[in-house]
Amino acid sequence: MRDLRVEASIGIHKRERHVRQTLSIDLDIGVPGTAVFASDKVADTIDYEQVALRIRELAASGHFRLVETVAERIASLLMKDFGAPWVKVSVAKIGILPNAKFVGVTIERRR
């Protein structure tokens, strides 16, 4: 999934507690098994619509200080709730610094 846009309360500065900011999220998600290759059924893999909904819920759940925290929580969600054996999660704040399109981090996690 590329460039999933979500609104979040995020940042370390006082002014950031009152204005929601747009995050851009990129995900690489390991398939939880091989059954999907024969079945062609979403029940045998990860439902990306549900992933997007859950990430939106997470982003709306409260204030985050760091994009690193958001990335870690997304990685945990994907592995625990969706059964992903590995994930690569990139989270970036858009337009936060002059002369930079975005500022963010990428993390990778495995079981």
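Which strand does Val103 lie in? Val103 lies in strand 5, where strands (E, at least two residues) and helices (H or I, at least four) are DSSP runs numbered from the N terminus.

1. Basis of the note. This is a predicted model, in which local features need pLDDT of at least 70, side-chain atom pairs count only at pLDDT 80 or more, and totals for chains, interfaces and linings use all residues. Residues are numbered from 1 along each chain as its sequence is written, and side-chain values use heavy atoms, with hydrogens and water left out.

2. Salt bridges overall. Side chains of opposite charge can pair when their charged atoms come close. The structure holds six salt bridges, a salt bridge being a side-chain nitrogen of Lys or Arg within 4 Å of a carboxyl oxygen of Asp or Glu.

3. Lys93 and Glu16. These two residues form a salt bridge, with the closest N and O atoms 2.9 Å apart. The pair links distant parts of the chain, 77 residues apart: Lys93 is in strand 4 (residues 86–94), and Glu16 is in the loop between strand 1 (4–10) and strand 2 (21–29). Both Lys93 and Glu16 are buried; buried means under 20% relative accessible area, exposed over 50%, and partly exposed in between (1.4 Å probe, protein chains only).

4. Arg54 and Asp81. Their side chains meet in a salt bridge at 2.4 Å, N to O. Arg54 belongs to helix 2 (residues 48–59) and Asp81 to helix 3 (residues 67–82), so distant parts of the chain, 27 residues apart, are linked by the pair. Arg54 is partly exposed at 28% relative accessibility, and Asp81 is partly exposed as well, with a relative accessible area of 45%.

5. Arg109 and Glu72. A salt bridge joins these side chains at 2.7 Å, N to O. Arg109 lies in strand 5 (residues 102–110) and Glu72 in helix 3, so the pair ties together parts that are 37 residues apart in sequence. Arg109 has a relative accessible area of 32% and is partly exposed; Glu72, with 34%, is partly exposed too. Elsewhere, salt bridges that share partners join Arg54, Glu57 and Asp81 into one network.

6. Nonpolar patch. Ile96, Leu97 and Val103 make a nonpolar surface patch of about 220 Å². Patches are made of residues with over 30% relative accessible area and no salt bridge; like charges are joined within 9 Å, and nonpolar side chains (Val, Leu, Ile, Met, Phe, Trp, Tyr) within 5 Å. Accessible areas come from the Shrake-Rupley method with a 1.4 Å probe, and for residues only the protein chains shown count as cover. Val103 is partly exposed, at a relative accessible area of 34%.
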